[in-house]
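Look at the sequence and the model below before reading on.

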Amino acid sequence: MDRTTRWPGLAPDVVRDVASRLHDAGDFVRLHAVCKPWRSSGDAPPPTNQFLPWLLAGADQHSSTPIRFRCIFSKSSYRAPPPSPSVSRSNRVGSADATAVRYIHFKHGHASLQDPLTREVTRLPQISYFIHGHWDTEKTHGIVYGDSTVLLYTRVDHNRDMAWFSSALLHSGEARWTLVDRILKNETPRRHGGFCTAYPDGRILILEDRHWRVVTPGVAIADDVLVQMPVCNYPSHSNYILESHGELLWVSVRVKHTYENEEEGTSSSRTFLVLVHALEDNASAPTKMQWVRKNGPSLADRVFFLGSPNSITMDSSQLGGHGGFVYFVYYNHSKALPGELFGVLRYNLIDSKTEFVERVPPGWDNEKCTSLVPQPVMSPIQVCTVKTF
């Protein structure tokens with residue numbers, strides 16, 4: 001018998017064992033596309049932590065451009081059909097574990113979440129903000145948490161001193177949103193998307209100016225807790241917040257430029273500093289909290305992937321055992337330095353060294369790209385029967 005005919009006869013558990021060793025989502029899909037028996041072996045969904053993360057390109061000016069993904073580890077690029085022209089690609093809602101990303105679409109006071117890969121549409125209850133026009137529908141972000149709680153938020157800078165923050169919370173099983181808004185100080189302009197927010201343990205954390213504002217929904221503004229940011233002589237570039245190993249972490253990317261010509265503002269070198277802080281209760285003041293810096297060796301068991309609206313960590317064992325790294329996208333504004341436009345950098349939390357990984361293709365015009373851990377699903381085989389009348 002021809003040996004080539006034996007491959008479809010592989011036992012399903014053998015095919016599943018091979019598939020479990022594939023960490024590139026594209027290879028996983030191609031394996032199950034070989035033949036019908038191999039496709040049928042993928043009836044059980046793979047573990048959520050099996051695949052290497054992708055980067056989702058930032059908002060594109062052209063609505064007809066395909067959605068682009070990039071895996072910096074396999075050096076593979078992927079595309080998906082663009083959403084409808086009425087959907088703003090700037091409005092992204094990610095899952096807290098980065099296993100899904102959706103675009104939020106507003107129409108006639110209602111909102112819906114659209115998955116660019118599965119094309120699934122989830123309709124959301126009406127939010128009164130939309131009715132009264134107190135919401136910027138072109139700059140909306142959000143996160144869907146593991147208990148199905150949805151957090152949507154937007155921030156509008158009124159002037160150099162003030163910004164308006166609006167958010168809406170929808171808990172699982174509820175039909176009405178909980179609305180929270182605050183007027184924020186804006187003394188230090190947040191360039192390059194430095195603003196971020198999250199909803200851990202029933203509280204909304206908002207990055208304001210020189211502190212974090214901790215808001216408990218339904219509680220008076222006077223009861224907000226302000227957590228001071230530690231002083232650092234490196235200018236802040238971008239900020240991220242995430243949960244990892246049971247801790248709430250704030251990751252700040254800071255950049256110090258050395259100028260060859262101060263008047264022209266030509267930068268000849270730059271030095272990066274990435275700081276990781278954990279939010280902890282202050283033992284000396286029970287009602288207060290504080291950010292405590294994490295040292296590099298304590299983070300050697302994980303790898304950070306920073307993005308917006310969510311950031312994630314992965315165990316170093318999933319990436320060859322090398323941990324203590326932070327991956328993020330950075331825009332090179334200096335004409336005097338090599339590289340241009342957007343590139344992926346890797347920062348080592350152990351030795352504080354920064355390495356250029358790869359240049360991001362043109363059109364990735366958002367420094368806070370979205371991280372996505374793909375979850376390929378093998379659809380059942382559709383059998384078409386031709387009837388003769």
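Helices (H or I, at least four residues) and strands (E, at least two) are DSSP runs, numbered from the N terminus. The model is predicted.

How many cavities of 30 Å³ or more does the structure hold? There are 2 of them. The largest cavity contains about 90 Å³ of space. Its lining is made of 13 residues, and those closest to the centre are Leu55, Ile72, Phe305, Tyr327 and Ser371. Two strands, β1 (54-56) and β22 (325-331), each supply at least two residues of this lining. Which strand gives the most to the lining of the largest cavity? That is β22, with 3 residues. Sorted by class, the lining of the largest cavity has 11 nonpolar residues, 1 polar residue and 1 charged residue.

Now turn to the aromatic side chains. A pair of aromatic rings is described by the distance of the centres and the angle of the planes. The structure holds 13 aromatic pairs. In one of them, the ring centres of Phe73 and Tyr327 are 5.5 Å apart and the planes meet at 65°. Planes over 60 degrees apart count as edge-to-face, so the pair of Phe73 and Tyr327 is edge-to-face. Where do the two residues of this pair lie? Phe73 is in the loop between β2 (67-71) and β3, while Tyr327 is in strand β22, so the pair ties together parts that are 254 residues apart in sequence.

A second pair is made by Trp212 and Trp291. Here the centres are 5.7 Å apart and the angle between the planes is 55°, and the pair is tilted. Trp212 belongs to strand β14 (residues 211-215) and Trp291 to strand β19 (residues 289-293), so this pair ties together parts that are 79 residues apart in sequence. Are these two residues buried or exposed? Trp212 counts as buried because its relative accessibility is 0%. Trp291 is buried too, with a relative accessible area of 7%.

Rings can also join in a group: ring pairs link Trp54, Phe69 and Tyr78 into a cluster. Another kind of contact involves a charge and a ring. Arg346 lies over the face of Phe325, at 4.9 Å from the ring centre.

What about links between cysteines? The structure holds 0 disulfides. Two cysteines can still be placed by their accessibility. Cys35 has 17% relative accessibility and so counts as buried, whereas Cys232 has 25% and so counts as partly exposed. The cut-off that separates these two cases is 20%, because buried means under 20% relative accessible area.

The last stop is the backbone. Most residues other than glycine have a negative phi, and most peptide bonds are trans. Some places in this model depart from that pattern. A cis peptide bond joins Ser308 and Pro309, with omega about 10°. Pro309 is found in the loop between β20 (302-305) and β21 (312-315).

Two residues other than glycine can be named for a positive phi. Ala98 has a phi near 65° and sits in the loop between β4 (92-95) and β5. Ser148 has a phi of about 75° and lies in the loop between β8 (140-144) and β9 (150-157). What is the relative accessibility of each? Ala98 has 0%, so Ala98 counts as buried. Ser148 has 43%, so Ser148 counts as partly exposed.

Note on methods
Residues are numbered from 1 along each chain as its sequence is written. This is a predicted model: local features need pLDDT of at least 70, side-chain atom pairs count only at pLDDT 80 or more; totals for chains, interfaces and linings use all residues. Side-chain values use heavy atoms; hydrogens and water are left out. On a 1 Å grid over the protein atoms alone, a cavity is a set of points where a 1.4 Å probe fits but cannot get out, and a pocket is an open set with protein on both sides within 12 Å along at least five of seven lines; lining residues have an atom within 4 Å of a point. Grid points are joined across faces, edges and corners, and a volume is the space filled by probe spheres set on the points. Ala, Val, Leu, Ile, Met, Phe, Trp, Tyr, Cys and Pro count as nonpolar, Asp, Glu, Lys and Arg as charged, and the others, Gly among them, as polar. A disulfide is a pair of cysteine sulfur atoms within 2.5 Å. Buried means under 20% relative accessible area, exposed over 50%, partly exposed in between (1.4 Å probe, protein chains only). Rings of Phe, Tyr and Trp (its six-membered ring) pair if their centres lie within 6.5 Å; planes under 30 degrees apart count as stacked, over 60 as edge-to-face and the rest as tilted. A charge sits over a ring if NZ of Lys or CZ of Arg is within 6 Å of the ring centre and within 35 degrees of the ring normal.
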